[in-house]
Amino acid sequence: MDHAAKNLATVKAKIERAARVAGRASDDVGLIAVSKTFDTHEIEPVLNAGQRVFGENRVQEAQGKWPMLRERFKSIELHLIGPLQSNKVKEAVALFDVIQTVDREKIARTLADEIRKQGRLPRLYVQVNTGSEPQKAGIEPSEAVAFVQRCRDEFGLAIAGLMCIPPAQENSGPHFALLRKLSREAGITHLSMGMSGDYETAISFGATEVRVGSAIFGNRAYQL
C-alpha cells in the first residue's frame, strides 16, 4: 500500500476515535484531504483508497489537475481553502463545490453575481480570523455574525459554515471554542477547523470537517 494511503487509514482511525471520545458519531466529521502543492500522481493513491473530498489553496493550481482527475474518479468534492481573489471568482465558482474563504464584502458581492450568471451553487463558508492576525485572511470575530447576516440579506448568499486557522504558536482550543460560539450565534451548523496537528482537538470542540494535508501526504517539498 502506498504511504499516503496508509496515512489516510491512520487519520481516519484517529478521527473515529476522537469522535467517539467526544460522544459523537464518526460520520459527523468529514475529512478534507489537503492536496495543495501535490501532483496528480501523488493524489491518485489517496483517490484509489476511497477518499473523495479534497482541499486546494489556489484556483490556478487546482485547475491544472482536478478536471482530468474528475474524468477518472467520480463524486469528487473540491474545497477552496485558500484566499480567494476577486479576479478568480469566476473560475472558483466553476470548479469548486465548496468555497471556505469568504471574508469580505467585495468577495461576497462578486460571488453573488457569478453564482447568478453560472447557475452553480457552491456551498459557502465564512473564514474567521480568530487570532486577529494582521497577515492572515478572515473576518474579525467581532464582525463575523453581522457579516454572515449581510451575506444572507444583502447578497442572497446561503452561508453554510465557518472556517478558521488558529495562530500557529497558540493553543488551538480557545480558537475552536470561539468559532463554535460564533456559529451558534449565526445559526450555522458546519465548522471547518483543525489541521494535521490539531484535528483531534478540533473534533472535541465540534468540528464537522477537518482539513488534513501533511499527515496524509507527508511534508511538502515546496510551497506555492
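This is a predicted model: local features need pLDDT of at least 70, side-chain atom pairs count only at pLDDT 80 or more; totals for chains, interfaces and linings use all residues.

**Stop 1**

Residues are numbered from 1 along each chain as its sequence is written, and side-chain values use heavy atoms, with hydrogens and water left out.

Now widen the selection to strand 2, residues 53-56. Strand 1 runs parallel to strand 2, and two bridges join them. Strands pair if DSSP finds at least two bridges between them. Strands (E, at least two residues) and helices (H or I, at least four) are DSSP runs, numbered from the N terminus.

Next, select strand 8, residues 209-212. Strand 8 pairs with strand 1 in the parallel sense, over four bridges. Pick I32: its bridge partner in strand 8 is R211.

Colour strand 1, residues 30-34, by accessibility. Four of its five residues are buried (under 20% relative accessible area; exposed is over 50%, partly exposed in between; 1.4 Å probe, protein chains only).

**Stop 1: aromatic pairs**

The whole structure holds three aromatic pairs. Rings of Phe, Tyr and Trp (its six-membered ring) pair if their centres lie within 6.5 Å; planes under 30 degrees apart are stacked, over 60 edge-to-face, the rest tilted.

Select F38 and F217. They are stacked, 5.0 Å centre to centre with 25° between the planes. F38 sits in the loop between strand 1 and helix 2, F217 in helix 10 (residues 214-217), 179 residues apart. Both F38 and F217 are buried.

Move to F54 and W66. Their ring centres are 4.9 Å apart and the planes stand at 45°, so this pair is tilted. F54 is in strand 2 and W66 in helix 4 (residues 66-72), so the pair ties together parts twelve residues apart in sequence. F54 has 0% relative accessibility, and W66 has a relative accessible area of 0%.

**Stop 2: Q127**

Select Q127 in strand 5, residues 123-128. Is Q127 buried or exposed? At 4% relative accessibility, Q127 counts as buried. Show contacts (heavy atoms within 4.5 Å): not counting residues up to four places away in sequence, Q127 touches residues including Q100, D103, A137, M163 and I165.
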